[in-house]
Amino acid sequence: MAINRKVQTLDEFTLQQLRDFPQATGELSNLLRDIGLAAKRINVEVNKAGLVDILGDYGTTNVQGEEVKKLDIFANNQMMGVLQHGVSCAGIGSEEMDEFVVFNDEISNKSKYVCLFDPLDGSSNIDVNVSIGTIFSVYRRVSELGKPATEADFLQPGNKQVAAGYVVYGSSTMLVYATRRGVNGFTLDPSIGEFTLSHPDIKCPPNGKLYSVNHGNFFKYEEPVKAYITACQKKDKTNGGPYTQRYIASMVADVHRNLIKGGIFMYPGTSDRPEGKLRLLYECNPFAFIMEVAGGKASNGKQRVLDIVPTKLHQRTPFFVGSIEMMQELETYLKPE
Ligand code: AHM
């Protein structure tokens, strides 16, 4: 059988990228491959989620007598496990855990990177078979190599990210990651169990017709946000419209769609939650980085998300991200002159 050499796997791609940088140590490539491995394992369990009622509820014991873990805990353990046992990560912060974890062993203390992640975002959608995802973000340590990682390594602004990415468990499973050099997407080929390069050098269209926001919160948004949403609803052929509202409430799927097709995603602050719902370190920074590398833009309504200096691990922020021209139009509402 002829081998199709046009297919490039995630592992081949990361190795190829290394060749362009003879001084690179390969640690980042290792780390991305570790995340790819965790994603494959999580994917297997996500695909079985509908069978849970047959096998037993999560948190109970299945017919084989094994404990069935909640899917988000399972995903968290997979991400942490591959990174802890790999050779490129000194510690992690996870949306699922109150504190960051420093691996503190001889190999990890010599590792250059720390990783922050949301192991399973959109988990309220699992029960109803709607797309969910994993989001991750990689930073170079600021603490001394050879010693354990410190809190300062985890509380860096998003503009210090070295790489960021996500996995969307959807009609197919895709891993998309960005470095400063570009954004590339890999689709999992289940027949060979490999992520293969399917979306090279992704660019977000500068404009689009999709806007994504939770309309149920409309009356809790600030007036400028309401005015922009109303303007989206009123768009017609004369001013770049009509726009279409698309909102799955699974950020990975919502932003992925808008990244590919062009659009804007918003999770503004509300009167009862002025900081919004989304977490700066696990959700907003990675998407802000990916979108900027792809040519788009991200803000919290007042400033560039990537310039926010975090003060705590689970900090939340209002979040607006998407196609550059749509973001520029939004800004005319949020910062009226
Ligand atoms: P989760 O951590 O409970 O999964 O919540 C995160 C999700 C995001 O993926 C999504 O954008 C947002 O919550 C939707 O929230 P809402 O239902 O308030 O619109």
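This is a predicted model: local features need pLDDT of at least 70, side-chain atom pairs count only at pLDDT 80 or more; totals for chains, interfaces and linings use all residues.

User: What order do the strands of the open sheet come in?

Analyst: The eight strands run in the order β2-β1-β3-β4-β5-β6-β7-β8, with mixed pairing, and the edge strands, which each pair on one side only, are β2 (101-102) and β8 (194-199).

User: And how many bridges join β3 and β4?

Analyst: Seven bridges join β3 (residues 113-121) to β4 (residues 132-140), in the antiparallel sense, and F117 has F136 in β4 as its bridge partner.

User: Which strands does α8 touch?

Analyst: Helix α8 (residues 251-261) packs on the sheet and touches β3, β4, β5, β6 and β8, its direction making about 105 degrees with that of β5.

User: Switching to α9, why is it largely enclosed?

Analyst: Helix α9 (residues 280-293) is largely enclosed by the rest of the structure because 12 of its 14 residues are buried, among them Y282, F287 and M291. It lies across β1, β3, β4, β5, β6 and β7, running at about 105 degrees to β5.

User: How many aromatic pairs does a search of the whole structure find?

Analyst: The search finds nine. One of them, F13 with Y177, is edge-to-face, at 6.4 Å centre to centre and 75 degrees between the planes; F13 sits in helix α1 and Y177 in strand β6, 164 residues apart.

User: Are those two buried or exposed?

Analyst: Both F13 and Y177 are buried. Y166 and F287 form a tilted pair, 5.1 Å centre to centre with 35 degrees between the planes, and since Y166 lies in β5 and F287 in α9, the pair ties together parts 121 residues apart in sequence.

Terms used:
Residues are numbered from 1 along each chain as its sequence is written. Side-chain values use heavy atoms; hydrogens and water are left out. Buried means under 20% relative accessible area, exposed over 50%, partly exposed in between (1.4 Å probe, protein chains only). Helices (H or I, at least four residues) and strands (E, at least two) are DSSP runs, numbered from the N terminus. Two strands pair if DSSP finds at least two bridges between them. Contact means heavy atoms within 4.5 Å. Axes are lines fitted to C-alpha atoms, for helices over the stretch in contact, and angles run from 0 to 180 degrees between N-to-C directions. Rings of Phe, Tyr and Trp (its six-membered ring) pair if their centres lie within 6.5 Å; planes under 30 degrees apart count as stacked, over 60 as edge-to-face and the rest as tilted.
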